[in-house]
Amino acid sequence: METKIGLEIHCQLTGAKSKLFCRCSCDYRGKAPNANICPICSGLPGTLPLVNQKAVEFAGMISFALDCKVPDEIAFYRKNYFYPDLPKNFQLTQYNAYDITSIGVEGRIEYGGGKNARIRRVQLEEDPGRLVYEGGSMEASVYALIDYNRAGVPLVEIVTEPDFADPKEVRLFLDKITSIIEHLGLCDTKLEGSVRCDANVSVGGGNRVEIKNVSSFADAEKAVRYEITRQRTMASRDIEVRSETRHWDDARKVTKESRSKEEEQDYRYFPEPDVPAVVLGTEFVSSLRQSMPELPDARKERFVSKYGLSAHVAQVLIDNKHMADFFESAIEIYSSPKEIANWIVTDLMSFVDERKKEQERSLFLGLKIGPEHIADLAKLVDQDMINRATAKQILGQIVRTGEMPSEVAKKTEAGKIDDAGALAQAVEIVFKSEQAAVQDAKHNPNAANFLLGKVMQLTKGRADPNAALEMIHTRLNEA
Amino acid sequence: MALYTLDSGQVAAGVKGREFSAEEYIYQLLERIEKVEPKVNAFVSVRKEALDEARVIDKKIRDGEQVGALAGVAVSIKDNICTKGIKTTCASKMLETFVPPYDATVVKRLRDVGAIVIGKANLDEFAMGSTTEFSRYGATRNPWDISRVPGGSSGGSAASVAALECTVSLGSDTGGSVRCPASFCSTVGLKPTYGLISRYGLVSYANSIEQIGPIGRTVSDVVLVLNAIAGADENDHTTVGGKPAHSLRQRKGLRVGLVREFIEGAEPRVAKVIHKAADTLAKQGCGCEETSLASVQYALASYYTIAMAEASSNLARYDNVRYGFDLDPEGYEWNSYFAKARSNFGEEVKRRVIVGSYVLSSGYYGKYYLKAQQVRSLIKRELKALFKKYDILIGPTMPILPFKIGEKIADPLRMYLVDIDTVVANLAGMPAMSVPAGFTDGLPVGLQIMADEFQEQTMLDAAYLFEQAAKVQRSPDL
């Protein structure tokens, strides 16, 4: 059964510093309720919206990054509907009709190594305020409180065509979008609720179901997966899937029928008279293109051509801007790109708490590790000061303690045993204590590895395994 | 002579020259208000604190400090313009207790040059009306005949000026709301080019066409206030750059076009006064001829479509959540609470919100709102062409004389028709003003002067020329 998934992504432009139509800060999190408001964003009578130019620039950047067409001028439209979190009872957004378009249309983006997704539109709009339910949820509450601190924070809405066939594609696409957003510096994706994603899902040509209230990218994949299973199960039982809006239940990880049936709303769109059309023009476009930071694709190319990384390793690094930045900081300290990249991608990542990674998008949260540590570690290995096994052990230790690898190596005398005499002594001891194995090893190569293991154990891993194995074989042949 | 009869230039000069104190002048005005207000009902609120502010001005002058061009001048502010710390009700139950935490740009600018806010002037609820009858605080009465309407929606502003309760006033003009009451009360009222005066702090009715405008008893008053408040404002992106300075000039040889459609649509008694006014201008050396503005026939439909559409959205915010009036939410869920609260709008406001919602509905937007916008372009094009031939266009401000209170209130369509001559300037975004043209049967007639965009100076030149020649009475006996 063919599955079609389309996405609607909302991303707060926290990098724009102030709200879309007033001078209040975007940094509303953790503030006392209704402390981050002014007459404009609380919709007081007589106030007029003032366009934040920086937000327009950011929206232009993301449009360019998604290869969208950008019109010569943009207008804002009023989307009229009543809701308590909306101070003016209309939202200032953009609209595509009557020869007017939003800031970006008809884009395309490559993701997940050769897959393509079409972007229907990118539009700039204001975030509403927040309802805070006294009892925690709507069902459990007698009343709700309204916090307008968030009202007016600039958002870009990115709408895709239904070009995704499975949840994995959704995740790969969202990883790509996140990386682009982070590279452009327009949003701190680590902040709770700064990126949100609604999804449309239809299975086997059936009705389209919209899933709302997905408050993180990580949950988008789960929500889509759940919804596909739900629709497939219904189809297998010959139950028709209704065209409806369902809400993602964050706690139970299921989609639920919306409690209040959302009827087809007439938003009575019309152009906001108080904001004159914002002229973008060729000058804006060219200066913006020049000021665009390096995008993930270009950065990946650079990692491959300049540092000689494999395409795969480069991809893993740029999928998360923090990791790519971490890598580049480390190689500035000690220039051994391949070694450092491998340490980050394979070894360091094994310590990352996946759950935390999803929630926080802060990779090395809780790990006391910086680029200087990895640079130091790579240097020790490169210069044959320690072997790889020891290096891994050291890494396991320092991510908790934050010590420098070279200090740890010195302190625990982890330096390799390169003295042939000391190694011979260790082999001698093992041969004496493991005589049965020695006999066995004469016919069975696996037993030789067992002996090597004992030597490594005895030397606390400081022996060079190659040298030790060679010595074991020599002794076996002698006997 | 009583101090309250002086114009603003005389007041500022007198106060600065210490011929009299601002305190004395304000005191006299407050006495005057107490005396005539029961008859006129021009104010929603009167500020006794004006006396304290007058004392501050007097002290500054005694101390040799700089004071502005309007030092001590008492101004009434239409109650849909925000005044910091002073209730701004829009004559509506919906804003019964609303005290703005900020001053509108125009109010701030007036205060910066020493003007004193003496009170908030009555209006039709949310500026929707042409008579000032649709007010929660009762109808304002025309000082020339208190059985008649003063015009609207800035009826309180014009009436307070005519009744010598203040020296100048600020009104707002969406489809004639400054010029209509200026005409009915025999005062001077000016609507500037769209974008000349900041709307920051003006409670929006129809954003794309409305402007704040001054009302005074003389052209000089209007120029002084205009200069104080006009110019770019960082809080209103629709204002245009610069800070214009207008002056009173003796100018001859203006090319004047008398708009046939305006004359033909007017009551004969009104038309007669306007013909006479044209003769007066001709005698002053102006070249007067009749001309035609054919697109005027679409103006009213276009105006009411746009105004109501924008109003329906602008007034959506009045849900009684953040400000409003006392209404216990207990027992309501939010939808029914919004509905309950919003049922407190007056009849005329409800009418406009409903019609406005309708014309914006999906499927109707192109048919009504977009079409109305196209009419605007048409009217503007036609006017632009006329202003190549004429410096100014003239006609009656109102096609009829001030009518009796209650006369048209039951028939909204008949009421809307009286705006036919004024809405044109709003749709075109061009300046227009009303100057007293004379009286017929004891009732005032206003001469409307229109000019091209940002040609306020030319318009004022004509108004000043006419004022000096016609010498029409400016305040009634009350």
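A residue is counted as buried if 20 or more other C-beta atoms lie within 10 Å of its own, as exposed if 12 or fewer do, and as partly exposed in between, with C-beta atoms placed from the backbone. The structure is a predicted model, in which local features need pLDDT of at least 70, side-chain atom pairs count only at pLDDT 80 or more, and totals for chains, interfaces and linings use all residues. Residues are numbered from 1 along each chain as its sequence is written, and chains are lettered from A and ligands numbered from 1 in the order in which they are written.

The model scores ipTM 0.94 and pTM 0.87. Chain B holds 16 helices and 11 strands; helices (H or I, at least four residues) and strands (E, at least two) are DSSP runs, numbered from the N terminus. Its C-alpha atoms fill a box of roughly 60 × 55 × 45 Å along the principal axes. Of the 478 residues of chain B, 59% are buried. Two residues are in contact if their C-beta atoms, placed from the backbone, lie within 7 Å. Among contacts in chain B with a separation of 6 or more, 77% join residues 24 or more positions apart.

In helix α4 (residues 105-112) of chain B, the buried residues are B:Thr105, B:Val106, B:Val107, B:Arg109 and B:Leu110. The elements covering them include β2 (74-78), β3 (116-121), β4 (168-173), β6 (211-216) and α7 (219-229) of chain B. Just after α4(B), a positive phi of about 95° is found at B:Gly114.

A nonpolar core is a set of buried Ala, Val, Leu, Ile, Met, Phe, Trp, Tyr and Cys residues joined through C-beta atoms within 7 Å. The largest has 234 residues, and those with the most contacts inside it are A:Ile62, A:Ala199, B:Val75, B:Ile116, B:Ile392, B:Ile449 and B:Ala463. Another core, of 33 residues, lies apart from it and includes A:Leu309, A:Met323, A:Ala341 and A:Ile369. Leaving out residues up to four places away in sequence, the contacts of B:Val75 include B:Leu110, B:Ile116 and B:Cys166.

Chain A is divided into domain 1 (3-287), domain 2 (294-411) and domain 3 (420-478), with bounds from an automatic or database domain assignment. The centres of domains 1 and 2 of chain A, taken over C-alpha atoms, are separated by 34 Å. Nine residues of domain 1 of chain A are in contact with 11 residues of domain 2 of chain A. On the domain 1 side, helix α2 (residues 167-184) of chain A supplies the largest share, five residues.

A:Phe326 lies in helix α7 (residues 321-333) of chain A. A:Phe326 is buried, with 21 other C-beta atoms within 10 Å. Residues up to four places away in sequence aside, A:Phe326 touches A:Ile344 and A:Pro371.

Between the chains, the contact takes 26 residues from chain A and 35 residues from chain B.
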